[in-house]
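Hello,

Please find the model below, with its sequence. My notes come after it.

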Amino acid sequence: MKKIVIIGASIAGHTAAVGLREKIKDCQISLITEGSYPLYDKSKLLQYLCGLLKEKDLLMVGPDFYQQQSIEFLKDRKVVQVSPSRKVVHCRHKDKRESYEYDFLAVCSGRRSVLPEITGINKEGIYTLDSLNDYKQLRQHLISDPVCFIGSVRRALPAATMLAGRQREVKVISSEGMQPAEPIDGMEIVSSEVIELIGESGVQAIRLKEGKIIGTSLPVFVPALTAANSDFLKDSGITMDGELLCVDESMCTSIKTIYASGAVCLRQGAAAAEKSWDEAIQESRMLVDGLAKAIGGADV
Ligand SMILES: Cc1cc2nc3c(=O)[nH]c(=O)nc-3n(C[C@H](O)[C@H](O)[C@H](O)COP(=O)(O)OP(=O)(O)OC[C@H]3O[C@@H](n4cnc5c(N)ncnc54)[C@H](O)[C@@H]3O)c2cc1C
């Protein structure tokens, strides 16, 4: 029986897992994610942040879904390295190391925010807005301090507007010099750059380029720059464009046993633009067809 390992359990990985199970009955499928949840709806995360929705309202599949589909769901596992020659995926799970062998690997590990290299960036209490875990952390710590969004005005505005509308004091600190079309009550846009995060344990304040200090324990980084989660393949010899995995029209990479779909990859001839939810689904369907053909599964 062939073993298929999928890295990433958001929309690209989930669609690949379900599609492969439907197409190939006699294969073992393992779905690995560093997150703690099965598929959830990212478009509802802001409502969750503001307390308008509960965690369970975001989840798109029930707790037994993967078990019922005979898909092994492995959460809280960060893939740290892939060895294509030995066909092994190495993960970190809590304080332990684990390895999973595969015949075929699907990389659906998406993208993450790239944090700036400033003093104090490795302190506790730095927030991003990439995953449900991030939103959950921020929601738990929303206290009376101002929330300081740092980075891209475009990326900050949806969350900043929503929080300001709920009587939170919100600052957006950006060097882009961009302002919203209309002033928003409770939100201040500060045209500057953060150069230091200050605090003994955690963050208590941020220092701007001009020397001004703003008190906050809630620095939320929303950088314009995001990067593909492909570090675990960087020494593998696989073909990449920057950190994006290059794939052909079957979503196969330059290594014939490794496929990729969604935000982590770049299709031949396509522009390196951010992908929507629907585009990730579309690509994972192509991956299923390509991988099923390679395995020689049913309907191919
Ligand atoms: C807050 C937010 C709101 C959005 N709203 C919309 C919207 O309304 N409409 C829309 O079309 N698009 C929206 N998007 C974009 C859309 O969510 C993405 O296009 C889509 O999520 C890409 O899916 P993906 O599965 O390729 O990657 P991702 O969703 O990024 O998923 C990556 C998966 O890989 C896992 N992973 C990453 N690295 C590792 C590792 N080393 N080890 C193990 N697991 C790993 C992650 O835990 C995650 O499960 C939104 C994005 C965000 C962040």
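The notes go from the overall figures to the sheet, the helix pair and a few single residues.

This is a predicted model, in which local features need pLDDT of at least 70 and side-chain atom pairs count only at pLDDT 80 or more, while totals for chains, interfaces and linings use all residues. Residue numbers run from 1 along each chain as its sequence is written.

Overall figures

The secondary structure comes to seven helices and 21 strands; helices (H or I, at least four residues) and strands (E, at least two) are DSSP runs, numbered from the N terminus. Along the principal axes, the C-alpha atoms fill a box of roughly 60 × 40 × 40 Å.

Of the 300 residues, 35% are buried (20 or more other C-beta atoms within 10 Å of the residue's own; exposed is 12 or fewer, partly exposed in between, with C-beta atoms placed from the backbone). Among contacts with a separation of 6 or more, 59% are between residues 24 or more positions apart; a contact means that the C-beta atoms, placed from the backbone, lie within 7 Å.

The parallel sheet

Five strands form an open sheet with parallel pairing, in the order E9-E16-E10-E11-E12. Two strands pair if DSSP finds at least two bridges between them. The edges are E9 (127-128) and E12 (187-191), each of which pairs on one side only. E11 (170-174) pairs with E12 over five bridges in the parallel sense, and Ile173 stands opposite Val190 in E12. Helix H6 (153-164) packs on this sheet and touches E10 (147-151), E11, E12 and E16 (218-222). The direction of H6 makes about 170° with that of E11; axes are lines fitted to C-alpha atoms, for helices over the stretch in contact, and angles run from 0 to 180 degrees between N-to-C directions.

Phe221 lies in E16 and counts as buried because 24 other C-beta atoms lie within 10 Å. Its C-alpha atom is separated by 4.9 Å from that of Ile150, 71 residues apart along the chain. Leaving aside neighbours within four places in sequence, the contacts of Phe221 include Ser113, Leu115, Tyr127 and Gly151.

The hairpin

E13 (194-198) and E14 (205-208) pair in the antiparallel sense over four bridges, with Val194 facing Leu208 as bridge partner. Six residues lie between the two strands of this hairpin, and Gly199 in the turn has a positive phi of about 160°.

H1 and H7

Helices H1 (11-23) and H7 (277-295) pack at an angle of about 35°, with their axes 8 Å apart. The residues in contact include Ala12, Ala16 and Leu20 of H1 and Ile281, Leu287 and Leu291 of H7.

Most residues other than glycine have a negative phi. Ser70 has a positive phi of about 55° and lies in the loop between H4 (65-68) and E3 (71-74). Ser70 counts as exposed because it has 11 C-beta neighbours inside 10 Å. Asp76 has a positive phi near 55°, in the loop between E3 and E4 (77-83). With 15 other C-beta atoms within 10 Å, Asp76 is partly exposed.

Regards

Methods
Contact = placed C-beta atoms within 7 Å.
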